[in-house]
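Open the model in your viewer and keep the selection tool at hand. We will go stop by stop.

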Amino acid sequence: MPSPSYPNFQYKTIPFGDTLPLRPGYTGAKEIDMTKNTLQEFSDALADAAERAGKSTVLVDARRRIPASGIAIAADLILTADHVIEKDDELKVTLPDGTDLTARIAGRDPGSDLAVLKLDSASATPAETTKTPARVGQLVLALGRPTTNGIEASLGTVSAINGPVRTGRGGMLEKYIRTDTISYPGFSGGPLVGADGTVLGINTSGLAHGTAITIPADIAWKTADTLAKHGHIKRGYLGIRSQTVEISVDAQKSLKREQATGLLVVGLEKDSPASKGGLMVGDILAGIAGAPIEHHDELFARLSGDIVGKSTPIEVLRGGELKTVNVVIGER
Amino acid sequence: MNFNGTFTSVINDLVQRVMPSLVIVRGAGAGMIWSADGLILTNNHVVGRRSPIVILNDDREFESKLIARNPDMDLALLSIYATNLTPLVPAPAAPRVGEMVFAFGHPWGERNVVTRGIVSAVLLAQARNGERFPVIRSDATLAPGNSGGPLVNANGEVIGINAMIMGGDQSLAISISVARDFVSKVRAENKVELKRPISEGVI
């Protein structure tokens with residue numbers, strides 16, 4: 001016999017008893033100690049953390065598929081993943097309270113998969129970043145807001161902190177955090193938060209062939225700062241071709257440090273910053289701006305941001321002797 | 001926090017408390033004891049065409065009667081001829097995103113497995129008849145065999161019925177509020193019949 005609200009509803013008479021209690025045994029509540037247990041406190045703390053960080057986690061609608069997430073870094077600025085921005089105008093950001101705002105791209109850096117959006121109204125709640133960097137083993141929540149139904153979260157631990165690494169998009173990431181949280185669809189651009197609800201970094205699945213990694217907050221916020229000011233990240237340029245070579249023990253003595261490898265300069269671009277600065281073919285590049293360089297990736301990582309346009313000391317081994325040449329780093 | 005002491009012992013207590021309310025619905029899944037006198041709540045898709053055998057946590061087996069089913073919300077209510085069962089307590093409040101959950105069931109037929117997670121999202125699902133009802137997505141690991149089993153909070157109160165298990169992070173639980181409405185509807189529609197004393201067995 002169908003009922004009006006459940007069209008497929010079927011029932012039979014029950015075989016025993018004369019009552020069908022709805023919630024019998026609710027006295028069970030008394031058996032359970034409803035005062036807070038350790039687990040309940042822990043559970044509440046997690047939900048509080050999600051709620052707290054959720055106030056700064058916004059919905060970013062800038063592609064045809066399911067919307068992605070973003071983090072408010074200022075009342076009018078949203079940090080998100082570059083790969084979720086698939087159009088240049090009519091970008092929509094929805095705040096946690098449901099307010100729809102239009103936004104424009106303030107700056108984007110495909111290399112590190114970060115983008116900054118400027119809102120047409122300064123009404124977002126900026127996120128609080130962590131004071132202590134992420135540690136392997138610590139509990140974390142990955143948050144996202146791909147729908148207007150509310151904040152979404154998954155729990156995990158920090159599995160590894162690695163870097164530097166060349167990203168799948170041609171950039172260089174000094175450091176990244178890997179976690180065992182589940183990255184639901186639309187979580188790119190959302191924050192990774194600690195148990196206290198402060199932001200440890202920004203999640204993206206655009207850098208490592210679809211698996212989600214986290215860009216640490218200090219790196220992401222620094223990039224965001226530059227993006228908000230300049231619209232893009234300056235990539236430095238030396239103009240050398242090089243290959244990794246071993247540094248002999250004698251040469252290491254003149255370097256005054258243990259360093260197994262350096263970069264042998266095998267070619268110089270004409271009129272490049274390196275040739276103007278006095279670098280020569282045959283030099284072994286061993287350090288830049290006080291940091292040792294053992295591999296190409298390390299040089300690549302150093303050649304970005306503030307260093308561009310500045311006269312920078314470069315350590316080279318020339319004939320086994322240490323020399324320092326100053327090169328004005330060019331911009332690509 | 002003493003990780004070896006309080007925290008794990010609280011989880012152990014919780015599992016000990018919930019486990020007696022977990023049943024096997026023979027065939028495909030799990031179920032939970034809803035009332036002390038034999039009401040079992042499970043998923044509609046677990047029940048199949050015939051009333052299944054229900055096996056309690058203490059290994060007692062019962063033939064069940066199908067009292068009501070709702071394919072739209074994937075819920076079914078069974079009854080077994082038993083008393084003094086331990087029912088689960090429904091959570092009094094709506095779940096919060098981030099709160100801890102424990103899923104109980106028999107994934108891949110392995111009995112009495114507990115998995116841990118948090119509430120990932122509270123969503124609205126649409127039934128085939130167009131009706132919208134709340135479902136809970138959690139990051140607890142579930143597999144076929146968890147269907148019909150309870151999802152409980154840190155207090156051991158049931159917040160949902162695990163359903164729509166596709167494995168991994170694709171799983172959803174039907175909010176306990178939906179189940180409550182379902183059972184109260186069954187009760188309202190059965191009112192007339194229920195007032196008649198019914199004897200089972202001897203005719």
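Two strands pair if DSSP finds at least two bridges between them. Strands are DSSP runs of E with at least two residues, and helices are runs of H or I with at least four, both numbered from the N terminus.

Before you click, note that this is a predicted model, where local features need pLDDT of at least 70, side-chain atom pairs count only at pLDDT 80 or more, and totals for chains, interfaces and linings use all residues. Residues are numbered from 1 along each chain as its sequence is written, and chains are lettered from A and ligands numbered from 1 in the order in which they are written.

**Stop 1: a hairpin in chain B**

Select β8(B), residues 113–126. This strand pairs with β9(B) in the antiparallel sense, over 7 bridges. Find B:Val122; opposite, in β9(B), is B:Ile136. Now look between the two strands, where the hairpin has 5 residues. There, B:Gly130 takes a positive phi near 90°.

**Stop 2: the barrel around it**

Which strands of chain B close into a barrel? The order is β7-β8-β9-β12-β11-β10, 6 strands with antiparallel pairing. Neighbouring strands in this sheet are turned by 45° against each other on average, direction ignored. Angles here run from 0 to 180 degrees between N-to-C directions, and axes are lines fitted to C-alpha atoms, for helices over the stretch in contact.

Follow β9(B) to β12(B): they pair over 3 bridges, antiparallel. B:Val135 faces B:Ile174 in β12(B) across that pairing. Next, select residues 150–152, strand β10 of chain B, and residues 158–163, strand β11 of chain B. These also pair in the antiparallel sense over 3 bridges. B:Leu151 has B:Gly160 of β11(B) opposite.

Touching means contact: C-beta atoms, placed from the backbone, lie within 7 Å.

**Stop 3: two domains of chain B**

Colour residues 3–87 as domain 1 and 100–184 as domain 2. Such bounds come from an automatic or database domain assignment. The domain centres, taken over C-alpha atoms, are 13 Å apart. Domain 1 of chain B gives 25 residues to the contact, and domain 2 of chain B gives 28.

**Stop 4: the barrel of chain A**

Switch to chain A, with its 6 helices and 23 strands. A closed barrel of 6 strands runs β2-β3-β4-β7-β6-β5, paired antiparallel. Strands β6 (residues 100–109) and β7 (residues 114–119) of chain A share 6 bridges. A:Ile105 has A:Leu117 as its bridge partner in β7(A).

**Stop 5: the core**

What lies inside? A nonpolar core is a set of buried Ala, Val, Leu, Ile, Met, Phe, Trp, Tyr and Cys residues joined through C-beta atoms within 7 Å. Buried means 20 or more other C-beta atoms within 10 Å of a residue's own; exposed means 12 or fewer, and partly exposed is in between, with C-beta atoms placed from the backbone.

The largest core has 122 residues. A:Ala50, A:Ile78, A:Leu141 and B:Val101 touch the most other members. Helix α2 of chain A, residues 38–54, gives the largest share, 7 residues. Finish on A:Leu141, whose contacts beyond four places in sequence include A:Leu46, A:Val193 and B:Gly98.

Conventions
Contact = placed C-beta atoms within 7 Å.
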